[in-house]
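Dear colleague,

I am handing over the structure below, and my notes on it follow directly after.

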Amino acid sequence: MDFKRKMTTAGLFLLFPTILLALAGNTSHAGAIKLETIVVSAPKEQETDATEETIDSKTLKTHKIVDLAETLSDEMIEAALVRKSMYGNEVSIRGFGKSNLRVLIDGTIIEGACGGRKDPSLSLLSTLAIEKLVVREGPFDVSKPGALGGSIDVVKKRPEKGFHGEINVKGGRFDYLNAGGYVTGGNHMIQGLGGYNFSQSNQYKDGDGNPLSSFTLPKYAYKPEYLNMKAFKKQDAIAEIQFTPTENQTILLSQIFSKGEDIMSPRFGWDIEEEKAYLTSGKYVITDAGRFSDQLTLQLYRNRVEHYPTTKFRITSDVALMSNDVISTITGGKIENAHLTDFADVTYGIDAYKRHWFGDVYKNGTLVNGELIPDVNTVQTGLFIKAEKDLDEWFLGVGLRGDRYESKANERLKFSL
């Protein structure tokens with residue numbers, strides 16, 4: 001809600017009882033009632049880049065969150081939810097989605113493995129130990145291998161000194177349960193963070209009481225014993241360790257593990273028996289590194305997603321039980337330098353990543369197609385530079401980026417020429 005609007009509403013609520021008291025105190029005589037002027041004021045909101053919006057952890061906690069796509073659609077008028085099921089939903093920003101919307105976690109690129117996008121990137125991440133979501137609209141940030149619609153960066157909490165912790169338990173309709181927490185602590189040299197989260201839910205029902213299992217084509221109908229199965233079960237774990245050998249140096253190592261089980265996907269003929277994500281990253285930051293460097297950042301990461309769809313919940317498995325093994329691994333890095341000058345804030349650097357993606361098809365446990373996704377390697381390398389400056393009520397930014405992108409399949413599909 002807009003802050004100015006909140007202050008105005010609050011002023012009206014304060015004014016209303018004042019009028020009542022004044023009327024009550026003057027009922028003994030007639031005549032005009034003169035009220036003192038009431039002024040409600042608030043400090044001016046800080047100017048921000050109009051193309052960027054931040055959703056902080058306090059806001060995230062207020063949502064019944066199944067995946068982060070729902071949070072974005074609730075908080076941003078520009079975001080629209082693409083409902084696929086209770087889990088594994090997508091979001092578009094100003095009409096741009098899928099490959100036109102880059103999803104990152106602490107600046108590292110993450111992509112699902114499914115060719116049918118039953119595992120969009122945001123569904124692989126939970127709210128466990130998330131500090132904020134930073135949404136940038138439009139292709140205006142040259143520091144990321146961009147997409148036309150913009151980017152969504154999931155920023156994790158950092159380990160802290162001392163000892164802190166948090167436990168969150170949420171429940172809701174359809175036996176929705178979300179429970180977890182994290183602890184963090186350490187001294188001035190080393191800090192750590194660890195956390196775990198579990199969530200699950202039964203199926204949504206529409207206004208007529210029809211469950212999710214009824215919203216599929218008859219030829220892909222669910223078996224009777226699975227008509228009332230749970231919609232999903234999901235576990236998330238995080239471990240981080242941070243070293244600060246000197247006041248101007250920080251080394252952060254992070255590992256996230258996510259596992260989903262028996263995830264219903266009624267829009268398709270397959271459900272997801274199991275889905276795993278291993279998100280690994282390391283970041284080295286030096287501040288005041290030299291005359292031409294206010295902050296130098298070196299980052300390496302490896303994000304691996306394993307996707308295992310199956311037909312075992314559907315009547316089609318009585319004829320043949322089909323299953324897929326699909327794996328996507330992105331390995332990358334980035335070097336970025338920020339230099340604050342009197343003229344502008346200048347940032348420049350280089351980033352690169354390689355994605356290895358393949359998938360196999362099994363029939364009754366036997367490999368029948370080794371080239372569902374034919375062992376594809378994608379390599380991207382980019383150079384960028386940008387300059388930004390605040391001019392009172394104006395924000396000026398200029399940037400330039402160049403990329404080299406190459407994709408090659410190492411196998412030939414059996415049905416190709």
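Are Asp-351 and Arg-401 buried or exposed? Both Asp-351 and Arg-401 are buried, where buried stands for under 20% relative accessible area, exposed for over 50% and partly exposed for what lies in between (1.4 Å probe, protein chains only). Please bear in mind that this is a predicted model, in which local features need pLDDT of at least 70 and side-chain atom pairs count only at pLDDT 80 or more, while totals for chains, interfaces and linings use all residues. Residues are numbered from 1 along each chain as its sequence is written, and side-chain values use heavy atoms, with hydrogens and water left out.

The side chains of Asp-351 and Arg-401 meet in a salt bridge of 2.8 Å, N to O, a term for a side-chain nitrogen of Lys or Arg within 4 Å of a carboxyl oxygen of Asp or Glu. This pair links distant parts of the chain, with Asp-351 in strand E16 and Arg-401 in strand E18, 50 residues apart; strands (E, at least two residues) and helices (H or I, at least four) are DSSP runs, numbered from the N terminus.

The structure holds 25 salt bridges. One of them joins Asp-318 to Lys-223, with the closest N and O atoms 3.2 Å apart; Asp-318 counts as exposed because its relative accessibility is 59%, whereas Lys-223, at 15%, is buried.

Lys-234, found in strand E11 (residues 232–246), counts as buried because its relative accessibility is 3%.

Best regards
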